[in-house]
Amino acid sequence: MFSGSYEACGNIIPVSYVQQAQNARKSRENQIRIFLEHRKWPSEGWDDTSIELLLQEFSIMDSNNFPGNVGAGEREGRVISSLVSRRHFRLSHGIGRSGDIAAVQPKAAGSSLLMKLTNCMALDAIKITGVRSAKACLVLPVATGMSLCIITAGFEPVIVENVVEGDELRTDLAGVERQIKDLGPENVVCIMTTTSCFAPRTPDRLEEVAKLCKEQDVPHIVNNAYGVQSSKCMHLIQQAARIGRVDAFIQSTDKNFLVPVGGAIVAGFDENFIDAISKTYPGRASATPSIDLFITLLSLGSAGYQQLLQQRKEVYSYLSEGLSKVAEAHGERLLGTKGNPISLAISLERVTQGLELNTAGVTQLGSMLFTRCVSGARVVPPGSTKEINGHLFTGWGAHAQNYRCAYLTAAAAIGMTKADVDTFLKRLDKCLSKFTSRGTSVSRSVGLDDGEQEENGKDAVSEPEATDNSTVNR
């Protein structure tokens, strides 16, 4: 309500009541004004009313919501379903323009403001979590895998196998250097490394690879899919950029900021390079991932997000201790992967021996967990293969052709609670008991408790992402 309207209200009800309401309104307006002036992620989270007020003001600025507006073009932000319109806060023009996802739309001043402010807050999040020298970022309406597209862009991936060090799988730095030499630096589009990955793999040797890329004048892209939630992953990127070459790093919005799947943040250390990336996006883009992230970041505030990060670290330690105890109770062990700050793994050697089935039997454990409403845990058997665009991966999911044993992974990701850990460990212990019988091997036929159902013969294990090896693209 505007100031003149408040004056009119004073003629209807007592002025003192109106002034009180007006002061409350001014407080929210000042909150919004400070945010627009500074374009910084607020420390304290906003309440829903303030966020909805700002979104309403943005939507009023878009042409499809102008009173009496007549759209004479082919794309006028028309939405026939009122439910869909409300879901998007009547922001229906999307973001960007043809050929530049960061461009401002004449028809959509409000949507353009939201896009710019979301990018600003996302950059603040990148800096707060450890990459303080980052200069620019873009929130894209595609998931991380599509943001990192290799084959789709017409390039040829050259896979460099990981090497085993203890239980951990680490970057074969000599192998990367050898491939660059064999292919010729001028034929290498970029080296792609990974920070966030499933145990027993640990983050790639970013600093060493960054130095190599700088020496050979080869671009370096980092898949930081769910690494924003880890201070270690972010520190690796910061250090790699400081002593070597990192052109860009990409992270998922859903995995790091607890929003629906569908967005990614591309960040880097050169504003011109990130600007060039924005100009490669074909056509306009959905504003949904930006809206989701905008609302979430304002709701949490930077202080609220940092609290979630601290809770995640505590849950990681709690999960590590609990998994170790459950594994030992069944004659297995927690794999030594201290270099991985998010994912943990336990061996499944006795399960494999008991079933005498390397693939179908071991992955049955994954099915049992899934039917008990445990999602995300991955059972990785030895000997699995998968072909992707002509590339045959032996030991698919294990990040190596011949890892020493089958294993199960679980992640202490942002948003997980100690209560979640307790429930997961209880169900895991129950499932493992059916395979090991507390020290006695069992046959392939594994029954479930009364009232539980099983998808016989189905592998309910999610597959790891295909980009989990260091990759030389040419």
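Where does UniProt place the feature "binding site"? The unreviewed entry puts the feature at R97, S98, Q105 and R284. These four span 188 residues in sequence, yet no two of their C-alpha atoms are more than 10.0 Å apart, so they gather at one spot. A word of care: UniProt positions are given here in the numbering used for this model, feature names are shortened, and annotations may be inferred rather than shown by experiment.

What you're looking at is a predicted model, where local features need pLDDT of at least 70, side-chain atom pairs count only at pLDDT 80 or more, and totals for chains, interfaces and linings use all residues. Residues are numbered from 1 along each chain as its sequence is written, and side-chain values use heavy atoms, with hydrogens and water left out.

Back to R97: its place is in the loop between α4 (82-87) and α5. Helices here are DSSP runs (H or I, at least four residues), numbered from the N terminus. R78 sits in another loop, the one between α3 (48-60) and α4.

| Residue | Relative accessible area | Class |
|---|---|---|
| R97 | 37% | partly exposed |
| R78 | 59% | exposed |
| Y17 | 52% | exposed |

Y17 belongs to helix α2 (residues 15-38). Together with I12 and I13, Y17 forms a nonpolar patch on the surface, with about 360 Å² of accessible area in total. For such a patch, residues need over 30% relative accessible area and no salt bridge, and nonpolar side chains (Val, Leu, Ile, Met, Phe, Trp, Tyr) are joined within 5 Å. A salt bridge would be a side-chain nitrogen of Lys or Arg within 4 Å of a carboxyl oxygen of Asp or Glu. The areas come from the Shrake-Rupley method with a 1.4 Å probe.

α5 (residues 109-128) has 20 residues and reaches 29 Å from first C-alpha to last, close to the 28 Å expected at 1.5 Å a residue. It's mostly covered, with 14 of its 20 residues buried. Just after α5, G130 takes a positive phi of about 140 degrees.

In α7 (residues 173-183), the buried residues are G175, V176, I180 and L183. They cover an arc of only 140 degrees around the axis, which puts them on the same side of α7. The arc is taken from the directions from the helix axis to the C-beta atoms. K181 and D182 are exposed on the other side. After α7 comes G184, with a positive phi near 95 degrees.

Key:
Helices (H or I, at least four residues) and strands (E, at least two) are DSSP runs, numbered from the N terminus. The expected span of a helix is 1.5 Å times one less than its number of residues. Buried means under 20% relative accessible area, exposed over 50%, partly exposed in between (1.4 Å probe, protein chains only). Patches are made of residues with over 30% relative accessible area and no salt bridge: like charges are joined within 9 Å, nonpolar side chains (Val, Leu, Ile, Met, Phe, Trp, Tyr) within 5 Å.
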